[in-house]
Amino acid sequence: MRLTFHGGFGEKGRTCLGLHGGGVRLLLDVGVDTSAHGRARYPLITPEALRDADAILVTHAHEDHLAALGWCLAGGFQGRILMTPQTLADLPACLADHAEPAHWALALAAPVETFQAGETLRLGALAVETGRSGHAVGGVWFRVTDGAGASVLYCGDTVHESPVLAMDPPPASDVVLFDASYGDDAVPARRRAADVLAFVAAQGGPCLLPVPLLGRSVELLALLPPPIAIHASMRAGLAAQIADSAWLRDGAGPNLAARLAGARDWREDEPFPAGPLLVHDAMGLGGPSVAAIGRALAEGVPILFTGHLPDGSPGARALAAGRAHWIRLPTHPTWPDTLALLAATRPAFATGHSCPHAAMAALAAASPPLVAVRVGDTLDVAALRAASAEA
């Protein structure tokens, strides 16, 4: 197998991994970089490579992993598209906020094949194992093996210890490509959750929390004490995530359902509610958060961001101006989570996506077998296995 890092390695956004083995060419995820414009917004992959690709496999329905699907189709991709039914259901909302209209139309019209988490996909000589990622309902990791026994684990986004979403432990692999969004951040999730609760309690009134519709929204629904409010357009999506109990930790479903039932629907033409309000998306780049953030800034309502804010986004601008607050609520692995994953999977080579190159290089210097790579780099897995066997 040969890997090509088309996007998301040494950077945040446009996550895309090319994998060529056994005569089959795969693309694992096809995301956009929401902080970039023009060609730099999309994976670094040629039209020839797009035309040659046999399939696109998508881990989950967040923009940095999925929103370039229509761009790939416009660029000449004609192969199979595979994702879970839950990711397919969330595809339109993801594209509506982060894809160009022409690309959106192409992606919605394209035939998509679905699979269930835990299923092993067969694509020519390649076998692709799948498992729940713990990051979002419908989110999975992929482990690809070829006829020679070489294996590559691509984690997409993962959460090892989510209080509500379940993650299946990945098996040992020659190469592990993990979610390095948080770099060496070792602050436990429980401490950050306590910080979020303390912030909300201290406001004593309205508080706006922009969130993604998928993933962190259910984490905050479980965390925040009632009464809370949600934008009315989020209710159906949250209900669908909660109803799909196969993706939840044991016992999480009834609590989430009760909290959603007690949440108040809110619309833009209403006054801000007296307590915390969840709106999507998480960055102010789309959805009802665009108007809600503007109103909150005008009316002096506190705003709390809890995840990544791309450069130039409304969220990043508000934070830089001192008009918003930020507390990272872990919905990606902390550094101890990453070390535990590497210990369990025992790779000969490992690197992280969604992490700036300098930060990844610092991790690699401290923790072999980590390596820092850049977009455009390649890796020959067979040569790596041979070198590892000789060592």
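**Pockets, cores and local geometry of the predicted model**

In this predicted model, three elements, α2 (63–66), α4 (85–98) and β20 (355–356), each contribute at least two residues to the lining of the largest pocket. Of the elements, α4 gives the most to this lining, with six residues. The lining of the largest pocket comprises 46 residues, and Lys-12, Glu-63, Asp-64, Met-283 and His-308 are those nearest the pocket centre. The space in this pocket amounts to about 940 Å³. Sorted by class, its lining holds 19 nonpolar, 15 polar and 12 charged residues.

In the second largest pocket, 11 lining residues are nonpolar, four are polar and four are charged.

Helix α6 also contains Arg-192. The relative accessibility of Arg-192 is 15%, and buried means under 20%, so this residue counts as buried. When neighbours within four places in sequence are left aside, the contacts of Arg-192 are Asp-185, Val-187, Ile-327, Arg-328 and Pro-330.

The nonpolar cores were examined next. In soluble globular proteins, nonpolar side chains tend to be buried together. In the present model, the largest nonpolar core consists of 60 residues. Within this core, the residues with the most contacts are Leu-3, Leu-26, Leu-57, Leu-123, Val-175 and Leu-177. Not counting residues up to four places away in sequence, Leu-177 touches Leu-3, Phe-5, Phe-9, Leu-17, Val-152, Leu-153, Tyr-154, Cys-155 and Thr-351. Another core, of 29 residues, lies apart from the largest one, and its members include Tyr-42, Ile-81, Leu-91 and Ala-110.

Across the whole structure, a search for aromatic pairs finds four. One of them joins Tyr-42 and Trp-71, whose ring centres are 4.9 Å apart and whose planes lie at 0°; planes under 30 degrees apart count as stacked, so this pair is stacked. Tyr-42 is in the loop between β4 (24–28) and α1 (47–52), while Trp-71 is in helix α3 (residues 69–74), so the pair ties together parts that are 29 residues apart in sequence. Tyr-42 and Trp-71 are both buried. A further stacked pair is formed by Trp-266 and Phe-272, with 5.5 Å from centre to centre and 10° between the planes. Trp-266 and Phe-272 are likewise buried.

Leu-309 is placed in the loop between β17 (304–305) and α11 (314–320). With a relative accessible area of 14%, which is under 20%, Leu-309 is buried. The residues it touches, not counting those up to four places away in sequence, are Ala-282, Met-283, Gly-315, Ala-316, Leu-319 and Trp-326. Of these, Met-283 is also one of the residues nearest the centre of the largest pocket. Leu-309 and Leu-319 are separated by 10 residues in sequence and by 9.1 Å in space, C-alpha to C-alpha.

Some features of the backbone can also be described. The peptide bond from Pro-226 to Pro-227 is cis, with omega near 5°. Pro-227 belongs to the loop between α7 and β14 (229–231). A cis peptide bond also runs from His-280 to Asp-281, and its omega is near 5°. The position of Asp-281 is in the loop between β16 (276–279) and α10 (289–299).

Positive phi values occur at Arg-14 and Ser-354, and neither residue is a glycine. For Arg-14, phi is near 45°. This residue sits in the loop between β2 (9–10) and β3 (16–21). Its relative accessibility is 11%, so Arg-14 counts as buried. For Ser-354, phi is about 65°. Ser-354 is in the loop between β19 (349–353) and β20. The relative accessibility of Ser-354 is 2%, so this residue also counts as buried.

Notes:
Residues numbered from 1 in each chain as written. Predicted model: local features only at pLDDT ≥ 70, side-chain atom pairs only at ≥ 80, totals over all residues. Heavy atoms only, no water. Core = buried A, V, L, I, M, F, W, Y, C linked by side-chain atoms within 4.5 Å. Buried < 20%, exposed > 50% of the residue type's maximum accessible area, 1.4 Å probe, protein only. Contact = heavy atoms within 4.5 Å. 1 Å grid on protein atoms, 1.4 Å probe; cavity = no way out; pocket = protein on both sides within 12 Å on 5 of 7 lines; lining within 4 Å. Points joined across faces, edges and corners; volume = space filled by probe spheres on them. Helix = DSSP H or I, 4+ residues; strand = E, 2+ residues; numbered from the N terminus. Nonpolar A, V, L, I, M, F, W, Y, C, P; charged D, E, K, R; others polar. Phe/Tyr/Trp six-rings, centres within 6.5 Å; stacked < 30°, edge-to-face > 60°.
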